[in-house]
Amino acid sequence: MSGLRKVDVTPGIVWVEVPEVDLRILCGCPADAVKHMMRRGLILPVEVGGVRCESGPNAILLSDVMVQNGAFCNLGEFPVLQMFYRQGMLLPGHPNNTGRRPLLIGRVEQLQAQLQYIYRGNYGLISVEELREAGLDAETAADMMRLKLKFAFGRIQPPRELLDILALSDEAVEIRDGVTVRRLGLNRFQFAYEGKTVEVDLNLPPFEIHECPYTLGFHQIPREYFAVIHSGDGDGWDIRRPSMGAILVYQGGIYLVDAGPNLVYALTSLGIGINEVEGIFHTHSHDDHFAGLTTLIRADRRIKYFATPMVRAAVTKKMAALLSLEEEDFSDYFDVRDLVMGEWNDVDGLEVRPIFSPHPVETTPFVFRVLAEGGYRSYAHFADIVGLTILDGMVTDDPGKPGIAREWVERIVTDYAEAADVKKVDIGGGLIHGAAEDFASDRSGKIILSHTALKLSDAQKRIGSGASFGTVDVLVRSNRDFARRTAYGHLTSYFPTVSDAHLQILLNSPLVLFNPETILIKEGSTSDAIYLLLTGQVEMLSSDSQFRSQLSAGALLGELSGLHGLPSMETYRATSYVQVLRLSCEFYLEFVKRHDLFADISRLMETREFLQRTWLFGEVVSTGTLNRLANEMRPLAFAAGETMVIGDRHVALVRSGQAMRLAGGQEMECLEHGDFFGEETAVFDTPRLTQVVATQAAELFILPASTLSSIPGVRWKLFETFHRRTRACSEVDIESSSEMVWREEYSVNIQRIDNHHRRLFEMSNRLIEAIRKGKGATEMAEALDFLMGYAMYHFSEEEALLERYGYSEQAGHALKHKRLLAQVRDLEERLSGGGMSADEVLVFLQDWIVNHILVEDRRFSVFINEKGVY
């Protein structure tokens, strides 16, 4: 087939190809994009020059946004690995290694984030200094670096040596041989070739997430005392199964081992709500063990994060690169609990010992044990171990050369051989994965072979078992009722003034199990029961809007209609196996009246119902948390035409009416029922760039930032919105001007700094003009030198100002300046190669200067103003 061809793979993923110029573009790369392409036949086994390999993309178009509806959008690690190794583009002597490198296409900000994310995905921590900062002593850090260099074939390569990039602007940009692409709007693109065009839209519909490439079915999982649920035995290339993972049940609580792609689908299939997850034990940072972290952020409290400091450091650096976050922000979303490598760590009676395993990134498999009658019962989770033959080949006695010392290998072999009641091992093979034959003589009670896309051979079947998705190994059976313990916890949160003895009255209600896809309460019907959700997930649907929300443990279903004897305004439908505490309406009403709670509950319910119907609060926020929010909210009204002033440490929700967000007089966004504003100042300490004006008489609910910051799922949505809105503001002038335009909204209210910023705008425009007019290399280099020199001067002045007044984030701000200078040096390289147009440079500098001012510089402005400096 010739010409420009487009294939809609799945929502958020599109394939565009032009066979005549050997161009195959993966548009959008969320988790498991490679598996989706395999299923659609876009990646196939082929033979090239007598060498068996795969077909596939040779370019990736990145999403304009880092996150959509709570999930990562730009996970290019596995698509790039597929190009490098399975297509052979990086393999020495391979017929597909023609010197052409994989191409990343996207906005400058996303390109920079993607390059750093892939860099961290390849190598993890990249220096002795970083390893020392992660808590390793000097000798161990040096040994680790020597091993890391062995995996890296002697040298850690910067991503620009392995990948080509193409920055997008709103004008058409040539990709190759007459094929062009341009942005039409946020996440909308147009490709053109020889008069034909196709459009690509990577935006997901509201409330939708990227699809899962395989079917998991539904499973009913018992909450045992100590058990292992097998949640994946495939690898990053297996189109039939999830990647290797496990879920531990301990004393009825849920703990994950790793967070692979499509985690939300796995949890739903297993009947586990996100709010049930107590914690995650993390082995390492590769995407097939990392991509599901955003799912855990959607809980209504910080989930515990267990890892050794070196693994945590590698994970946070990768996540910070991908999302343009600060590494310290990781603890805003997770309750970090560091583990000591090689020792037994006590996690509320569940003991865990991380062991070291050689891998390109920092990796620690885990051994878990629990004391029970007759002694300890144990489970070993050996993800991403290395084959012993490969490991033996890495031994070198020269400490100055890449490799590993013999005595360290012996310790690793001893750790791998430790017996367990159940041991799950990686047998993926190759240079960085394990081999089944290494466990042929293992003394464990049960060996489970995992982390492979291949069928087990007869020899492998004689060594170990399989464990398909949803199967369970029970190590210590439960003699306790953990469901009622969970119900008690939710009821104490919901009824804080009621005594334990009286709560036992409600706890004596029956437990009921609903099958997946069962309607618990139907819209328009009068239910005879109210349900406290204990396990699984329920979706809430309403016919009067497109809104729907996913409810998890702690949600109270049908309380408003049940207490008042009214038809339900929503349908509640199980999306998994669901267990509830069934409270008959008559009984519940009598309990509420007995404790004089009817008035308080009725007062809260209307506000809670409003919150549940908003995008910000509609997912997985428990009823107890919603009540806390409802108690802290206050109403505020504005007449049409009024500017809405809400205070710096608050977020406002539009209850009724309509308002408009304005930047420099330009309309940016219409806000209606359920929309919100104020997140930039309230949560992210950035002064407001826009003002909000009521276009109709409007009522708001005002919420304190301190409350919202403590709910990770809400904070995550605020983060997603903050970056989308900041991006929109920075793009306003690009759309209407051929040069950078200073706007008063950019002011940091410090005259000297504002003057510096204006001067940077002028110098940037000088460079853009030189390129636009086709000036010679000397004049362009001179313009860039002026810009670079002034930027260095401005940064040093700004850093001195922050140090003088004791700004606590001065060191971090200085580090951002270093990154900005590195980006300009990158620009210099690209300009010297003649590979950038004036419009591309405009986009680059707009990102480079404006986004730094809008986000970073505006954070310190209030602090400096409070010191009397303006």
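**Group meeting talk: a helix, some strands and some rings**

The buried residues of helix H5 (residues 138–151) are Ala141, Met144, Met145, Arg146, Leu147, Lys148 and Phe151, where buried means under 20% relative accessible area, exposed means over 50%, and partly exposed lies in between, with a 1.4 Å probe and protein chains only. Helices (H or I, at least four residues) and strands (E, at least two) are DSSP runs, numbered from the N terminus.

Before I go on, please keep in mind that this is a predicted model, in which local features need pLDDT of at least 70 and side-chain atom pairs count only at pLDDT 80 or more, whereas totals for chains, interfaces and linings use all residues. Residues are numbered from 1 along each chain as its sequence is written, and side-chain values use heavy atoms, with hydrogens and water left out.

Back to H5. Its buried residues pack against helix H3 (108–123), helix H4 (128–133), helix H9 (309–323) and helix H12 (406–416), contact being taken as heavy atoms within 4.5 Å. Since the expected span of a helix is 1.5 Å times one less than its number of residues, the 14 residues of H5 should span 20 Å, and the end C-alpha atoms are 20 Å apart, which agrees.

Let me turn to strand E22 (residues 350–354), where five of the five residues are buried, so the strand is largely enclosed by the rest of the structure. Which way do its side chains point? Leu350, Val352 and Pro354 point one way from E22, while Glu351 and Arg353 point the other way, and all are buried. Two strands are said to pair if DSSP finds at least two bridges between them; strand E21 (residues 345–347) is joined to E22 by three bridges and runs antiparallel to it, with Asp346 standing opposite Glu351. The hairpin of E21 and E22 has two residues between the strands, and in it Asp348 takes a positive phi near 55 degrees. E22 is also joined to strand E23 (residues 366–372), again antiparallel, by four bridges, and there the bridge partner of Val352 is Phe368.

Glu343, in the loop between strand E20 (334–338) and E21, touches Val352, Arg353 and Pro354, not counting residues up to four places away in sequence. Glu343 itself is partly exposed, with a relative accessible area of 48%.

In one of them, four strands stand in the order E11-E12-E13-E14 with antiparallel pairing; the edge strands are strand E11 (173–176) and strand E14 (196–201), each of which pairs on one side only. E11 and strand E12 (residues 179–185) pair over three bridges, and Glu174 has Thr180 in E12 as its bridge partner.

Another open sheet has four strands in the order E29-E34-E31-E32, and the pairing is antiparallel. Strand E29 (519–521) and strand E32 (548–551) stand at its edges with a single partner strand each, so one side of each is left without a neighbour in the sheet. Strand E31 (residues 538–541) is joined to E32 by four bridges, and Met540 stands opposite Ser549.

Thr535 belongs to strand E30 (residues 529–535) and is buried, with a relative accessible area of 12%. Which residues does Thr535 touch, not counting residues up to four places away in sequence? They are Arg223, Gly271, Glu276, Tyr577, Val578 and Gln579.

Finally, the rings. The structure holds 27 aromatic pairs, a pair being two rings of Phe, Tyr or Trp (its six-membered ring) with centres within 6.5 Å; planes under 30 degrees apart count as stacked, over 60 as edge-to-face and the rest as tilted. Tyr807 and Phe863 have ring centres 5.3 Å apart and planes at 50 degrees, so this pair is tilted. The pair links distant parts of the chain, 56 residues apart, with Tyr807 in the loop between helix H24 (777–804) and helix H25 (810–832) and Phe863 in helix H26 (residues 838–866). Tyr807 counts as buried at 14% relative accessibility, whereas Phe863 is partly exposed at 23%.

Ring pairs also link Tyr255, Phe281, Phe306, Phe366, Phe368 and Tyr379 into a cluster. As for charges over rings, the criterion is that NZ of Lys or CZ of Arg lies within 6 Å of the ring centre and within 35 degrees of the ring normal. The charged end of Lys717 sits over the ring of Trp615, 5.1 Å from its centre, and that of Arg725 sits over the ring of Phe676, 5.3 Å from its centre.
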